[in-house]
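Here is a short briefing to read alongside the structure. Keep the model open as you go, and look up each residue when you reach it.

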Amino acid sequence: MDSLLRGFAGAGTFVRQRTGPALDTATGEKRQRDDNVWSAVFRAQGMGQVRLVWKSSDLEGARSKLLEDTSGVVRSSLQSQGGSISQAIDVDAVLPEGSRSRRESNEAFADTSQDDVQMAEEATYIPAANLMQDNVTDPQKHEAMLQFLAAVTELDITRMQTSEKLEFDHLPFETSCLRSLSVLRCHSDDMFAHGTLEVLTKPSLRCLDVTGQKLSQSRIESILAPPSLEHLTLLNLRKNQLTQLPAAVVAGMPLLTDLDVSDNRLAEIPSNLLQLCKHLQVLNLESNKLVVPALDFRDAVLRSLLLGLNSIEYLPTLAPLSSLVQLSICTLRITKRGARLAPMRHFCTVPVTAEVVVKGSNTWTRLLPWSAEAERQVKPALALMFRSSASFHSLVAAFLALLAEDDKYSDVLASDVGGGAGTRGLPHVLAMCQAGEPVCLDAFVALGRAVRKEEHAQSLLGMQVVDRLLQLAEDPEPVTCRYAIEALRCIVSVSDKMASQVLEWE
């Protein structure tokens, strides 16, 4: 059997023969392949793009259309460079290494035993996109199509109209010719029959987006098995059936910068993920089953960490993430929108925006202005932040300052948001003021904005806020010193009574 498979492994594709049209589960009638319409957009380096729409029932027509379109693109490209399509194209250089002519493959087939043939009775050999057929009427066009496919760097596939999944023997192009493919995107959910995605996934890929393909754990591991995708920089596995993220698979993608595994079934992730992927900048873990994501962020360069829509009980320590500009927790998402203004001239935070998920949907909406629904959605995130010092980060402190600008949210910060000890906002903000820069700077602003009401200021006095701020005002760092004094000035300005209490403080 092995010799038979090797015989088929040349220029063609080894496929399983379909036994007939699938049955419609509702009517019991046979579906027609005319219903199955697909679209592929090919973008070739230095040649432009070709869009092909085809029916599974008319593969020959689709191949003819691709032949005409690609040869036209190659002709235009050569003419713009001062050449012509009549120039010789080395087909052997275009076909993948190790591919063989049809005659060589047939000879290999002839050497197989009759038993092997019987074991593969459902197998069909498809020559390389029919390009090596004896009845080719225009070899130049076929060679031009080969050249175009070999130059394709991006491929987008979309389901236009279909009642079935895309079988790999229904692809009207030879996948083995896609030697330069670096981007593969799937634009419709659950499109591929088993084997189709596998033949499209090339070692040259730098971007792989298989959102919504409902891939099982074992199939994902098979497709991503090292070292098949060692050049990958972006991997989108959103809306599949992942139950774990194997460290061995991730380690095989050392150049990864963007990883999206949201909307899966992950209960845990490798704690050393950021050490295995040292260049990772975007990590989306939203909508999984994470409870305690024990991630080690030392030396990490993450810019976006999305942990929202999980049942997280404790946050990982965020302090090492100095480059972080986006963070999601529970139903809250915080995004940095620019740089801090000159701190010796302005008492302000880094600019941030905040959004919450609308209940019963995946729609994100602005947290401000206040609404009862937004308050309900943000409280679980606040309780998680106030639970430990793991949330001591400039982005979180700036968010708390943004929240304190609104009177009603300011009341939320002063209240018990979690129904238990350690889930009050003002003590947490005061503790953040004693962290290093830049966290303390944003916390000072949050503190200053949160004490616009006398009852809030009185609560802080009971926490020895004056002593702490006066101590911080002696900090050798001039910016920390200035911000501590400004926060104290905010407390004094709440009322004459508060000013007197502060002045009389011993």
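**Around Val291**

Val291 is found in the loop that runs between β10 (282-284) and β11. This is a predicted model, in which local features need pLDDT of at least 70 and side-chain atom pairs count only at pLDDT 80 or more, while totals for chains, interfaces and linings use all residues. Residues are numbered from 1 along each chain as its sequence is written, and side-chain values use heavy atoms, with hydrogens and water left out. Helices (H or I, at least four residues) and strands (E, at least two) are DSSP runs, numbered from the N terminus.

- Val291 counts as partly exposed, at 31% relative accessibility; buried means under 20% relative accessible area, exposed over 50%, and partly exposed in between (1.4 Å probe, protein chains only).
- Together with Val292 and Tyr314, Val291 forms a nonpolar patch on the surface, with about 260 Å² of accessible area.
- Patches like this take residues with over 30% relative accessible area and no salt bridge, nonpolar side chains (Val, Leu, Ile, Met, Phe, Trp, Tyr) being joined within 5 Å and like charges within 9 Å. A salt bridge is a side-chain nitrogen of Lys or Arg within 4 Å of a carboxyl oxygen of Asp or Glu.
- Accessible areas come from the Shrake-Rupley method with a 1.4 Å probe; for residues, only the protein chains shown count as cover.
- Ser311 sits in the loop between β11 (304-306) and β12 (326-329), and is exposed at 55% relative accessible area.
- Leaving aside neighbours within four places in sequence, Ser311 is in contact (heavy atoms within 4.5 Å) with Leu290 and Val291.

**Ser262**

- Ser262 belongs to the loop between β9 (258-260) and α10 (273-276), and is buried, with a relative accessible area of 3%.
- Residues up to four places away in sequence aside, Ser262 touches Leu237, Arg238, Lys239, Asn284, Leu285, Glu286, Ser287 and Asn288.

**Helix α16**

- The buried residues of α16 (residues 454-461) are His456, Ala457, Leu460 and Leu461.
- They cover an arc of only 145° around the axis, so they lie on the same side of α16; the arc is that of the directions from the helix axis to the C-beta atoms.
- Among the elements covering these buried residues are α13 (407-414), α15 (439-450) and α18 (478-492).

**The whole chain**

- The chain has 19 helices and 15 strands.
- Of its 506 residues, 51% count as buried.
- The accessible surface of the chain comes to about 23,200 Å², and 48% of that belongs to carbon and sulfur atoms.
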